[in-house]
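Me: I have a protein model open on my screen and would like to learn how to read it. Could you walk me through it, feature by feature?

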Amino acid sequence: MTHADPASLDILDLYRQAGAYHEGHFLLASGRHSPKFLQSTTVLQYPQYTEQIGRALAGALRGAGIDAQLVIGPAMGGVVLAYETARYYGTRAIFAEKDGQGGMKIREAFTLAPGETFVAVEDVLTTGGSVLKAVRAAEAAGGRCVGIACIVDRRADGGDLQGYPLVALTRLVFDTYPPDAVPEWLAALPLQEI
């Protein structure tokens, strides 16, 4: 299988082309405010962009020497991304879904053999909370996480994620502010909740 060189894919440009890169005043899921926002669902609705991203993620994983037996993504946003990455990675794809108690679970239809290795994928990594819930669910089902991959790593510190090797197609750190420290220039813009 041919794998794209992840360095040849300009992720920010791809988001711009898809109309998924936004500037303004955004209230993030974390409760923090930001002047910039990436809407991955807008990008992933286009098969041509999703294919490029999946191919690049698979290539980046292989390039990092990460070899796994399956790819998992957190539902709902990670379902398409896991599938497309697995297609180029040469494995099967599954997803973890909310368990109603703040965590995630693996559907009974998906089975993991004891010790089966997996890579978890995420679109934009801000804190890593969602993808780590998917990792924990797959580990509880008997799998062993050998890495995490994302399209964009937004974390200020970068590096591995809680001891798991992390592969990111790009790293973009946008300023974010707690609600009580939003600068005047940002507060003057209409607030958009996402």
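Reply: Happy to! Keep in mind that this is a predicted model. Let's begin with a helix: find α5, residues 129–140, which lies across β3, β4, β5, β6 and β7. Helix α5 runs at about 165 degrees to β6.

Me: Which strands does helix α4 touch, and how do I read its direction?

Reply: Six strands form an open sheet in the order β5-β4-β3-β6-β7-β8, and the pairing is mixed. Helix α4, residues 77–89, packs on this sheet and touches β3 (70–74), β4 (92–98), β6 and β7. The direction of α4 makes about 165 degrees with that of β3.

Me: How do I read the pairing of two strands? Let's take β6 and β7.

Reply: Check the direction, then the bridges. Strands β6 (residues 117–125) and β7 (residues 144–153) run parallel and are joined by eight bridges.

Me: What is the pairing of β3 with β4, and of β4 with β5?

Reply: β3 and β4 pair in the parallel sense over five bridges, and P74 has A96 as its bridge partner in β4. To get from β3 to β4 the chain passes through α4, in a β-α-β crossover that is right-handed. By contrast, β4 and β5 run antiparallel, with three bridges between them; there E97 stands opposite K105. The hairpin of β4 and β5 has five residues between the strands, and in this hairpin G100 takes a positive phi near 85 degrees.

Me: Where does UniProt place the "binding site" feature?

Reply: Treat this as a record to compare with the model. The unreviewed UniProt entry places it at K98, E122, D123, V124, L125, T126, T127, G128, G129 and S130. From this set, the lining of the largest pocket takes in K98, E122, D123, V124, L125, T126, T127, G128, G129 and S130.

Me: Why does T126 count as partly exposed, and what about S130?

Reply: The middle class runs between 20% and 50% relative accessible area. T126 has 38% relative accessibility, so T126 counts as partly exposed. S130 also counts as partly exposed, because its relative accessibility is 38%. T126 sits in the loop between β6 and α5, while S130 belongs to helix α5. Leaving out residues up to four places away in sequence, T126 touches R154 and R155, and S130 touches P74, M104 and E122.

Me: What is the strand order in the sheet of three strands?

Reply: That open sheet has the order β2-β1-β9, again with mixed pairing. Its edge strands are β2 (33–38) and β9 (191–193), each with a single partner strand, so one side of each is left without a neighbour in the sheet. Ignoring direction, neighbouring strands here are turned by 60 degrees against each other on average. Strand β1 (residues 21–27) runs parallel to β9, with three bridges joining them, and L27 stands opposite E193 in β9.

Conventions: Residues numbered from 1 in each chain as written. Predicted model: local features only at pLDDT ≥ 70, side-chain atom pairs only at ≥ 80, totals over all residues. Heavy atoms only, no water. Pairing = 2+ DSSP bridges. Helix = DSSP H or I, 4+ residues; strand = E, 2+ residues; numbered from the N terminus. Contact = heavy atoms within 4.5 Å. Axes fitted to C-alpha atoms, helices over the stretch in contact; angles between N-to-C directions. UniProt positions renumbered as here; feature names shortened; annotations may be inferred. 1 Å grid on protein atoms, 1.4 Å probe; cavity = no way out; pocket = protein on both sides within 12 Å on 5 of 7 lines; lining within 4 Å. Buried < 20%, exposed > 50% of the residue type's maximum accessible area, 1.4 Å probe, protein only. Right-handed = clockwise from strand over helix to strand, strands pointing away.
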